[in-house]
Amino acid sequence: MGQSLFHKVWDAHAVRTLPSGQTQLFIGLHLVHEVTSPQAFDMLRERGLTIAYPERTFATVDHIVPTSDVVRPFADEMAEDMMIAIEENAQQFGLSFFGLDDERQGIVHVIGPELGLTQPGMTIACGDSHTSTHGAYGAIAFGIGTSQVRDVLATQCLAMDPLKVRRIEVSGTLGDGVYAKDVILNIIRNLGVKGGTGYAYEYAGSAIEAMDMEARMSVCNMSIEGGARAGYVNPDQTTYDYLRGRPYAPSGAAFDRAVSWWRSMASDADADYDDVYHLDGSALEPTVTWGITPGQALFVTEKVPALTDLPDDERDVAAEAYDYMDLKPGTAISGMPIDVAFVGSCTNSRISDLREAARVVEGYKVADGVKALVVPGSKSVLKTAEAEGLHHVFEDAGFEWRGAGCSMCLAMNPDKLQGREVCASSSNRNFKGRQGSPTGRTLLMSPAMVAAAAVAGEVIDVRGM
Amino acid sequence: MNSSVIQEVEGRAIPVRGNDIDTDRIIPARYLRAITFDGLGEHAFEDDRKSNPDHPFDDSRYQGASILIANGNFGCGSSREHAPQALMRWGIVAIVGESFAEIFLGNCTAMGVPCLTASTGEIAKIQDAAEADPQRKMTVDLKEKKLIFGDIEVDLQIAEGNRLQLIEGAWDATGMLIEGRNAVREIADKLPYVTGF
Ligand code: SF4
């Protein structure tokens, strides 16, 4: 019986079994951002510890960065304190740091792959749950908390239990107007927001293989929304082609040697899985969330489900969602008015996302009364988009064109919903209060669907535009 | 005995009902704008408390309680350790629920806050009993994996690795991981991306 990539990577990085029975796992790449790290650096100082492998940690700033006015000091004093903390910590501990004035700055999960830091066969950790994104490259990538950030800084290791592996095969070909975002929203809808607990998800099948790297990242990004701590796609030619020539990727003859190692780390054809799940990609339609968990999703052509349509253990949360979203069961989601349209976040802020959104809005205007913004995931995405003139397309349509960062995905910077506003969002979480207003409402969808909603002023099927 | 050893927790219970209670609800993102975890306790569940005046965290009967009784998928969402830190700083020392999101559970363990599970029916029984008698203390026994509350006795589940970390006082992994440093170097030297292909 062959092995899955998960087990091969795990075994290659397993240092020893700890007295607790857990595995001491070596972490190949550690990414750091300003929100979950300052306390970890303080813990190191308190304990008089140093960083074991400083060359394997890279830091950037994304969550608190203002996307319209980045003049220092920031108007928000607490944000300024956090900025100073990461600048000083990176300097004191000798870490590579892509700060605000660095061309490489951006959302941590966008820049890792962009720079070629993220590579197949690696273990990756970051104090951020969407670290699963990096699995698109055939890495095993875990989101961790601050105490574990401390552990990785001090030892380059984590104490972990292995995960089970569920292979998710998405067959067929995605239809027009159907994207990676729709694939992952339907996986979460079908398997549930806690269906992945204890698992790593291996995404495979023709629909996944046909995706470019950016689309695969959108899928892996939301693994955590389905309860799976890690998600990955086996590396293939698409992966190698993407990595060739990236600043931190191996080059020359080393690149070819790397490719043969990367190939060897992919799942064997006869690998054993703890579970297998099939999804027909051809049957999917553009998908929108209607509730307060990412699993509360439906095709744009469907109606909000009645309690009786749902399994017992989902009914309480559904009732809470009707109330919070002010939606009645049986209402069509298409036609739901929106106030804000947000294209951005580590799920969907890469150049292909921006191109798709721009294609939809070109020649149209944002509906009256809708505030629409596009926030590229990194400075590099921003630069590419501007070189292609996408910023003009967005601005002509009435979108605000912003600087790189997390922005309204979690609203730790000045970009926030107000009151009960409804936001069509390309981000990953529709939790209560997620976008900065304790009563704000979020509808998750693909960037093309967000663009369509911005123009229509309501949720609309992008295939009809 | 090592002061980190956690074999038994005794305290009053506070039931927080509902599935899929995410970390944004446990601590809204605006309180992440800080460089320490200080003061997070008073903001635990802040937005839920504002929209629900009967929230248990504001209920006088539960002040001083230390064992949180939760339902399914508690702590889903972000990796922010601010969430368990807020609960711990409010006074929570152990959590018993139907199920936990993994990163949240890992964070709690790394802070020495045990998370244990029981079935839906048993959790409902514990929540009902705690609401009926909020002053009464319960015991969570990690050695025997049991919760004892008056005449209710429930078997609890916890991953064995986490249980051992807690009962042996080894939940703060840093020291243990540092001890393996020579073995770490050996593994690193075998990884082609570390040595440069
Ligand atoms: S874009 Fe959103 S989900 Fe992604 S890292 Fe930033 S805050 Fe987290």
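**Close-up views of a predicted two-chain model**

**View 1. The ligand and its shell.** The ligand is surrounded by H63(A), I107(A), H109(A), D128(A), H130(A), S345(A), C346(A), C406(A), C409(A), L410(A), N428(A) and R434(A). A residue is near the ligand if one of its heavy atoms lies within 4 Å of it. By class, this shell has 5 nonpolar, 5 polar and 2 charged residues. Ala, Val, Leu, Ile, Met, Phe, Trp, Tyr, Cys and Pro count as nonpolar; Asp, Glu, Lys and Arg count as charged; the others, Gly among them, count as polar. The space taken by the ligand is the largest cavity. A cavity is a set of points, on a 1 Å grid over the protein atoms alone, where a 1.4 Å probe fits but cannot get out. A molecule sits in a cavity if more than half of its atoms lie within 2 Å of its grid points.

**How to read the views.** This is a predicted model, in which local features need pLDDT of at least 70 and side-chain atom pairs count only at pLDDT 80 or more, while totals for chains, interfaces and linings use all residues. Residues are numbered from 1 along each chain as its sequence is written, chains are lettered from A and ligands numbered from 1 in the order in which they are written, and side-chain values use heavy atoms, with hydrogens and water left out.

**View 2. Q435(A) in its loop.** Q435(A) lies between β18 (422-425) and β19 (441-444) of chain A. Helices (H or I, at least four residues) and strands (E, at least two) are DSSP runs, numbered from the N terminus. Q435(A) counts as buried because its relative accessible area is 1%. Buried means under 20% relative accessible area, with a 1.4 Å probe and protein chains only. The side chains of Q435(A) and S425(A) form a polar contact of 3.3 Å. A polar contact is a pair of N or O atoms within 3.5 Å; within protein, one must be able to donate a hydrogen and the other to accept it, and residues adjacent in sequence count only if both atoms are side-chain atoms. A411(A) is 24 residues from Q435(A) in sequence, but their C-alpha atoms are 5.2 Å apart.

View 3. Q119(A) sits in the loop between α4 (108-114) and β6 (123-126) of chain A. Is Q119(A) buried or exposed? It is buried, because its relative accessibility is 6%. A polar atom of its side chain lies 3.0 Å from the backbone oxygen of G116(A). Beyond neighbours within four places in sequence, Q119(A) is in contact (heavy atoms within 4.5 Å) with residues including W262(A), Y193(B) and F197(B).

View 4. T146(A) belongs to helix α5 (residues 146-155) of chain A. With 0% relative accessibility, T146(A) counts as buried. The backbone oxygen of T36(A) is 2.9 Å from a polar atom of the T146(A) side chain. Contacts of T146(A) beyond four places in sequence include M43(A), F37(B), E81(B) and N107(B). Q156(A) is in the loop between α5 and β8 (157-160). Its phi is positive, about 60°, although Q156(A) is not a glycine.

**View 5. F45(B) in chain B.** F45(B) is found in the loop between α1 (23-26) and α2 (46-51) of chain B. Phi of F45(B) is near 55°, a positive value in a residue other than glycine. F45(B) is buried, at 0% relative accessible area. Chain B has 9 helices and 7 strands. Of its 197 residues, 63% count as buried.

Notes. Buried means under 20% relative accessible area, exposed over 50%, partly exposed in between (1.4 Å probe, protein chains only). On a 1 Å grid over the protein atoms alone, a cavity is a set of points where a 1.4 Å probe fits but cannot get out, and a pocket is an open set with protein on both sides within 12 Å along at least five of seven lines; lining residues have an atom within 4 Å of a point.
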